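My notes are kept in the order I looked.

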Amino acid sequence: MMDAGIEDNSNHDFSGYDVRVTDAAQNGDTFVYVIKSQQISSDMEYRFEREFEDFEWLHHCLLTQEGVTGLHGIIFPPLPAKPGTSLSNSEAKTKKKIESLAMVDDWQMYCRALEEYLHLVTAHPVLVKNPAVHSFLKHREPPIKTKVKKGIFNKLTQAVEELRKEHHKDIDDFFQNERDSNLTLTAFTKAAAEKFLEIVLTEQKIAIACGHFSTALHLGIGQDDDPADYAFAKMCLKLSEVLDTVKKNFEKVAENDLNTLGFNLELHSRFQDAEKEMLFRRTCKLVDVETANKNLGQAKPHKKAAMEDIKKAADKEFDEISGMAKVEIQRYHRERVRAFQKALIELELAATCFCCSSTGWLSLNSHV
C-alpha cells in the first residue's frame, strides 16, 4: 500500500489530470464518492473513494500552503457546500428547488459539482503544484489529516473584520472597480440562478402533468363497438401518445437546462463569493500597508529602523498579492465568459432539438 502522507514537492510531475467522480454511495451517515483519475503524462489510472471531509482537507491545504508568492491573491475554486449543511435563506431556497427535481435524486449533479471542483484545481497553474493535490488524486487510502476547525469565534471575527474593512477605499482604480463589479454581479448571479431554477422546476411540473394526463386518457379508452366511440377512443389514444412524447421532451429540456446554464449559474455564484474573499484579503493587506506607513511616520528615532523593515515587508507582500490578483481576475473573467458561451450554445442546441422533436402536435392536428 502506498504511503498516505504528502511527499516532497520536487518528486511530482505537475501536468494536469483527467478526473471523474463517477458515483456516490451512502456509508452510514456519510456519503462516499468514487473517483477515477489519470495524470495526462501517464497511462496509469487511479480509482479510490473519498468522503466530503477529504475534499475539505484538500481545500484547507490549498488555502494554508506556504512558500507560494502572492497566495492570498489567488481566487480559490469554490468547494460545493456539504450536503445537509445550513445555508443562507437564498441558498437554502435554491438548494430546495434543486433537490425537488427527480433527476437529482441519484446525486449526479452533486458528483458533477465535486468533479468540476477537482478540474478547476488541477487546471490551476499554481494550485496543481501543491503535493496535497497529488496525494488526494493518486493514493487509494485517504491522506492522513486533522479535522478542519470551523469555530463560531473565527466566523464572528471574520464578520467583524469584513464590516470594518469591506468599504475601505482602494488606492488602485482597477481593484476598486472590480470590488464594485463583484458586489453587483454577486447579487445578480444569485438572483438569476434562483429564477432559472424556477423555470426548470416549472418544466418538470409540466412534464409530470402531461404524464398524468396521458395516463388518464389511456385508461379511459373503452371497448365499445360503436363507430363513434371507436373514433373518439382512437383520438384519445393518439392524444395520449402525443402527451407522453411532450412529457419526455420536457423532462429532457429540464435536465438539459439544469446541466448547462443552471449548473454554470450556480458554480459562478459560488465563484463570485470566492473572488470577493480574495479581494477582501487584499484589502486587509492594504490596511496593513497603510498602518505600517502611519507607524513609520510616527516612530521615534530608535524605532525607525524596525518600522522601516516592517513597512518594506508589508509593501512587498502587498505588491505580490496585487500582482497575483490581477492575473487571477483576468483569468477568471476569461474562463467565466468561455463557460457561459458553451452553456448557452448547448442550451440553444437542446432547444432546437426540442422544437424539431415536438412534431406530435402537428400530427394531432391532422387527426383532429
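The entries below start with the ground rules and then go from sheet to core.

Entry 1. I am working on a predicted model, where local features need pLDDT of at least 70 and side-chain atom pairs count only at pLDDT 80 or more, while totals for chains, interfaces and linings use all residues. Residues are numbered from 1 along each chain as its sequence is written, and side-chain values use heavy atoms, with hydrogens and water left out.

Entry 2. The strands are DSSP runs of E, at least two residues long, and helices are runs of H or I, at least four, numbered from the N terminus. Two strands pair if DSSP finds at least two bridges between them. Seven bridges join β2 to β3. I also noted that I35 stands opposite F48 in β3.

Entry 3. I checked two helices, with angles from 0 to 180 degrees between N-to-C directions of axes fitted to C-alpha atoms, for helices over the stretch in contact (heavy atoms within 4.5 Å).

Entry 4. Which residues have the most contacts inside the largest nonpolar core? They are F55, L58 and L118, in a core of 30 residues. Such a core joins buried (under 20% relative accessible area, 1.4 Å probe, protein chains only) Ala, Val, Leu, Ile, Met, Phe, Trp, Tyr and Cys residues through side-chain atoms within 4.5 Å. Leaving aside neighbours within four places in sequence, L58 is in contact with residues including Y117, L118 and F136.

Technical notes: Buried means under 20% relative accessible area, exposed over 50%, partly exposed in between (1.4 Å probe, protein chains only).
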